[in-house]
Amino acid sequence: MSKTTKAVVKKQAKTKASTTKRTANKSVSTNFVYAFGKKTDGNATMRDLLGGKGANLAEMASIGLPVPPGFTISTEVCGYYYDNGKTYPASLSKSVLKAIKQIESQLGKSFGGRSNPLLVSVRSGARDSMPGMMDTILNLGLNDVTVEGLAKISGNSRFAWDCYRRFIQMYGDVVMGVQARSEEEEDPFHEILEKMKRKLKVETDSDLSTENLKALVDQYKSLIRKRTRSAFPQDVFEQLWGATSAVFSSWRNERAILYRQQYAIPAEWGTAVNIQAMVFGNAGDDSATGVAFTRDPANGEKVFYGEYLINAQGEDVVAGVRTPNAIAKLADELPQSYRDLEKVRNKLEKHFKDMQDFEFTIEGGRLFILQTRNGKRTGLAAVRIAVEMQRERLMSQETALLKIPAESIDSLLVPVFDPKALKAAPIIGKGLPAGPGAATGRIAFTAATAEAETRKGNKVVLCRNETSPDDLKGMLHSQGILTSRGGVSSHAALVARQLGKVCICGASEVVINYDKKTLTAGKVVLKEGDYISIDGSTGLIYKGMIESADSEVKRVLEGGLKANKSYTYELFQTVMSWADKHRTLNVRTNADTPAMAKQAVAFGAEGIGLCRTEHMFFDGERIDIMRQMILAADEVQRRSALKKLLPFQKKDFVGLFKAMEGRPVTIRLLDPPLHEFLPHDDVVRRQLAEKLGVPFDFVIDRIKALHEENPMLGCRGCRLGIIYPEITEMQARALFEAAAQVSKGKKAIKIKAEIMIPLVGFRAELADQLAIVHRVAAEVMKKHKVKIDYLVGTMIEVPRAAITADEIAHEADFFSFGTNDLTQTTLGLSRDDMGLFYDQYQSKEIYNQNPFASLDQTGVGKLVELAVERGRQTKPNIKLGICGEHAGDPMSIDFCHRTGLNYVSCSPPRVPIARLAAAQARLRNK
Ligand code: PEP
Ligand code: MG
């Protein structure tokens, strides 16, 4: 990945509610070309057809902003181009010719003309901007004849020849493919230029004379001939079609594909091509070119922000050859142009009603606007701009809510890296971004090391091939977790997100050697104790320490900072209160401990939608009793272990009920394959045998007996409770005993318990478990003389359950979609093994999104819809929720809203995102 790609491809999830199918040749319209200028055919609402750039150019032209005239070839042509072997609709060339004629007559110039030649730029422009991802050609229309004409009419032959050499360089690279042949090789055009500067002993390009530039043009042309065996084209229409095809082709270049994956932009959208008369920022010292934002895109502050270069063309600003000046300095250098620019800034914001990122050129003191788009911004800036623009009455509350990418709320909550330090840090690898935020610390390869190091006051990042319940303590002690295997719904990811830990999973290029205590990423080898930094929002792994800090919002919510001392907190609260007003979906949380539950309530959770009871057994002495229970040779031994577990479980449930203060609490019965609780290495197994007072061989034999080839599809879920009913009985008893305890006395809490049976596929499975739950409930209520409000329902997480939801609904008070397993079982795809092929699948655009992160709406989603429909057929008021990881993903939340679920349940740190996404879903689908 190139540096620019890395810089631009930042994690900032977007929701795309709709996609359009690629227009096949049969369905395209006959109008492919839309002019802007004196005569304007398009407007800002036509993004789908004209792309964002084309639509906004048309809009700017029609509101009287100084836009050089041009035309847009529509996105439909892009679809046609790919569907028809890179050819164009028959009528296109005629329409292009007509549009060129219009520009010629408006400007009094002629394309390919000898005396006053028209030059054009050819640029891409997709529906959503994809900055820097596709190709651009400037100064098109120059050849050996027109360059002389330009020299004459401008009275500046140096300028004309500089444009010509720039054009050949760009065209040679982008259209004719004359590029560096390896990472080590310099760009060949650049090399020729530098060689000439060295020979002439000059520092900058502007020191080159007309004669030097003419020589450069000759050298560039011979380079092209040598490399491509073709001459640089002199025919301006050949140039035009060459550039147009290059831009359409760049829709499918590597960078563009990667960008689309990051931002969930469908491949079917295609790009438009904008052809526009050139204006010249390099026409002298009263000329300039620059890029400006109407507000600060980094922090959202309402200040004019941008940079420019005097006597330069656009690519000089981007290429970083010369250092641009801050926009404020233009007020001194070209005061009238600065005033004009300020006016444009205000007009753009008032008209487009969003922060704009625009390109301008000043030619001989005259200002032109070449492009405007809604500016990309950080999460914090997105929130601040939306809130402040609503306060300035530039947008309504509804629009403001829709303007904030739901994920960006996260950037107000997670620890952040210091941006300057991040820029300088060396990237050593990449994995799946599984728990957002920034973490830096010493590498710890085991949970024990992580714990020991934190006790010494060191920060650690736990680096494992994968995590298991044994690692929980280590995870708790770590700043972040990095695994080389596993997907975004793997154990590490689930637990990390619930704990609000930063996490990267499935970093398959990272090799962890526990014996040598090394972590290898490419050529970099790090040892235990070395510093590493991970960004769980982008998946990028860095060598060394990068400073980070807790967010202000978190400090306020945890009482470490006064609310009125934090503007960020005020912004957060404003957005959350708006969101709550508009959403209809309830937002619950997946929490297993009172601490998690309290954090979720602080973030606005309205209940617990999933308590994974197995997580309650990971810690301390419980894991040993749990292991004793699993290894039990018979029911008597098992019951004896369960008896010891009951008080722990009851205490935890009491804590949860108290933390949730009367909100609904969904407790799921034991679900995972039992081997997950058993130690994997012999040292720990021997220790366990000693602790339990059983022979080592007994432990080994039981582990062997419990071995399953496919544990994810084996003895787990309700199957456990069916073959060992005493487990269900203990869990139900602990729950009702806890409920009875907290629903009595002075500080009595109203209980709303929801008991959930996992991995049900048959009505009879649910009925079996239901009978135990109801029996125990009746016993406990009778014993304590209390009435406990409870429901019993099931997870829908295997296809059979979805298909037979009408039957299952007879037994269930509620369904909760376990979309992690439902995805795993529907796609026949292990939720823990995505790392090996995921990159390939993404680059081939087989998966637009990781199906474990964002619901596969067209596949798994159909099963959800079916289950909703069939469940409601049997029980119209059945309560419906989702507790798979998708419940925290904005696009999936939109789906849940449309499908008519009652609630989503996500990990605590994602609750604010879910609240916002739920409101957006309602507003979008009103
Ligand atoms: C699920 O499968 O979606 C679910 C929530 O259960 P778990 O992730 O615990 O298997
Ligand atoms: Mg599950």
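Hello everyone, and thanks for coming. Some housekeeping before we look around. In this predicted model, local features need pLDDT of at least 70 and side-chain atom pairs count only at pLDDT 80 or more, while totals for chains, interfaces and linings use all residues. Residues are numbered from 1 along each chain as its sequence is written, chains are lettered from A and ligands numbered from 1 in the order in which they are written, and side-chain values use heavy atoms, with hydrogens and water left out.

Our cut-offs are under 20% relative accessible area for buried, over 50% for exposed, and partly exposed in between, using a 1.4 Å probe and protein chains only.

Now to the strands in this part of the chain. β28 runs parallel to β29, joined by 3 bridges, and Ile 796 stands opposite Phe 817 in β29. To count as a pair, two strands need at least two bridges found by DSSP. β29 (residues 814–817) is also joined by 4 bridges to strand β30 (residues 879–882), again running parallel; there, Ser 816 has Gly 881 as its bridge partner. Both faces of β29 are covered, with Phe 814 and Ser 816 buried on one side and Phe 815 and Phe 817 buried on the other. As a reminder, side chains alternate between the two faces of the sheet in a regular strand.

β1 pairs with strand β2 (residues 70–73) in the antiparallel sense over 4 bridges, with Val 33 opposite Ile 73.

Next, an open sheet. Its 3 strands come in the order β18-β19-β20, with antiparallel pairing. β18 (510–513) and β20 (524–527) are the edge strands, each pairing on one side only. On average, neighbouring strands are turned by 20° against each other, direction ignored; the axes are lines fitted to C-alpha atoms, for helices over the stretch in contact, and angles run from 0 to 180 degrees between N-to-C directions. β18 is joined to β19 (residues 518–521) by 4 bridges, and Asn 513 has Thr 518 as its partner in β19. In the loop between β18 and β19 lies Lys 517, which has a positive phi of about 55° although it is not a glycine. Lys 517 is partly exposed, with a relative accessible area of 36%.

Another non-glycine with a positive phi is Arg 393, at about 65°. Arg 393 is found in the loop between α14 (379–391) and α15 (397–403), and is exposed, with a relative accessible area of 69%.

Finally, two helices. In α22 (residues 594–602), Met 596, Ala 597, Gln 599 and Ala 600 are buried. Seen down the axis, the buried residues fall within an arc of 160°, so they line one face of the helix; the arc is that of the directions from the helix axis to the C-beta atoms. Ala 595 and Lys 598, on the other side, are exposed. After α22 comes Gly 604, whose phi is positive, near 105°.

And α28 (residues 725–742)? Why do we call α28 largely enclosed by the rest of the structure? Because 15 of its 18 residues are buried.
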